Amino acid sequence: MANPVKDPLTGAETTGHVWDETLQEFNNPLPRWWLWTFYGTILFTITYWIMYPSWPIGKTYLKGMGNDITYKTDAGEEKSTHWNMRALLAHDMQNGTEALKQQEYLAKVGAASYEQIAQDPDMSSFVRSYGVGMFGDNCAACHQSGGQGVVGQYPNLVDDDWLWGGDTAAMETTIRGGRLGFMPAYSKTFDATQENQVANYVLTLSGEAPVDAAAAAEGQKIFQGETGGCYMCHTKEGKGMHAQGSANLTDKVWTIANVPAAETPEAKLEAVKAVIHNGVKRQMPVFGKAGRNLSDTEIKVLVAYLQQMSGGAGAQ
């Protein structure tokens, strides 16, 4: 404005706009602090565009400059990538204060025996807090978050019945190398009468009253004879073998046939017959180096955690 108009009362510069002959529009400059703040936001935006992922370009995008993050993958390999939330989280989990404390405790647990872990309150507490996360990530999908399993599919881990052995060495072997649970289907070996006889006998082994006592007597002959050959895995006493992962048929723990849920003796018999007829084939994946790549110490934490879950049953 060449000749600015000033308000006669205040002397402030105006734009020359007047309403109702009394209201004037002042031409006051913006506060200096506001201007510098505005310029700062522009500078921040330009800096952000340069340093961090921003504008899309075709099928890719600007990844920024000087923002590389280095972290270790699940396979233990070191990886560098541009800034992103996933890489930042992985880096912080591996290098933050809590992560360093975890590494310290993992080393301590790795060097201790299972007896020492159980007797040390700090290590036991660490196993409980760290193990629940590992169990949730690797085991809960099949065995459920509480370890109770699913009858007919996945074993219960909180009872005192361990198909492949419940001592710590056996549990480590199971987790590290996985297991293949197999029982042949007898649908082509037994006729309907023989299936019925063997099922009746199997129920007697765990103290269940057979539907047909005469059939159970014949089923014993098949079970312990060459016709059925059941004793070769389950033993003549029906107690099973850890080396084979064969179930103990003399207790009341049923991992495949859901006998406890059956409401009538006939329903229990049908549940057992179905297992004999169809057989069993289920596989637990490998969690050691050849599988999901859990370290020896992580496997040790899982075993110690399972001992806590089962009330120490796994230590037997």
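Visitor: Where is threonine 235 placed?
Guide: Threonine 235 sits in the loop between α10 (231–234) and α11 (265–278). Helices here are DSSP runs of H or I with at least four residues, strands are E runs of at least two, and both are numbered from the N terminus.

Visitor: Before we go on, what are the ground rules?
Guide: This is a predicted model: local features need pLDDT of at least 70, side-chain atom pairs count only at pLDDT 80 or more, and totals for chains, interfaces and linings use all residues. Residues are numbered from 1 along each chain as its sequence is written, and side-chain values use heavy atoms, with hydrogens and water left out.

Visitor: Back to threonine 235, then. What is its phi like?
Guide: Positive, about 70°, although threonine 235 is not a glycine.

Visitor: Is threonine 235 buried or exposed?
Guide: Threonine 235 has 17% relative accessibility, so it counts as buried. Buried means under 20% relative accessible area, exposed over 50%, partly exposed in between, with a 1.4 Å probe and protein chains only.

Visitor: What about glutamine 144, what is its phi?
Guide: Glutamine 144 also isn't a glycine, and its phi is positive at about 75°. It lies in the loop between α6 (140–143) and α7 (168–177). Glutamine 144 counts as partly exposed because its relative accessibility is 27%.

Visitor: Switch to helices. How do the axes of α5 and α12 cross?
Guide: The axes of α5 (residues 121–138) and α12 come within 8 Å and cross at roughly 105°. So the two helices are roughly perpendicular to each other. Axes are lines fitted to C-alpha atoms, for helices over the stretch in contact, and angles run from 0 to 180 degrees between N-to-C directions. Under 35 degrees counts as roughly parallel, over 145 as roughly antiparallel, 65 to 115 as roughly perpendicular, and the rest as oblique.

Visitor: Which residues make that contact?
Guide: From α5, they include Val127, Tyr130, Met134 and Phe135. From α12, they include Val301, Leu302, Tyr305 and Met309. Contact means heavy atoms within 4.5 Å.

Visitor: How do the residues of that contact divide?
Guide: Into 11 nonpolar, 3 polar and 2 charged. Ala, Val, Leu, Ile, Met, Phe, Trp, Tyr, Cys and Pro count as nonpolar, Asp, Glu, Lys and Arg as charged, and the others, Gly among them, as polar.

Visitor: What lies in the segment after α12?
Guide: Serine 310 does; α12 itself covers 296–309. Serine 310 has a relative accessible area of 9%, so it is buried.

Visitor: What does its side chain reach?
Guide: The serine 310 side chain reaches the backbone oxygen of leucine 306 at 2.9 Å. It also reaches the backbone oxygen of glutamine 307, at 3.4 Å. A polar contact is a pair of N or O atoms within 3.5 Å; within protein, one must be able to donate a hydrogen and the other to accept it, and residues adjacent in sequence count only if both atoms are side-chain atoms.

Visitor: And what is serine 310 in contact with, leaving aside neighbours within four places in sequence?
Guide: Leu157, Val158, Asp159 and Trp162.

Visitor: Where is leucine 294 found?
Guide: In the loop between β9 (280–284) and α12. Leucine 294 is at 7% relative accessibility, so it counts as buried. Beyond four places in sequence, its contacts include Met134, Phe287, Ile299 and Leu302.
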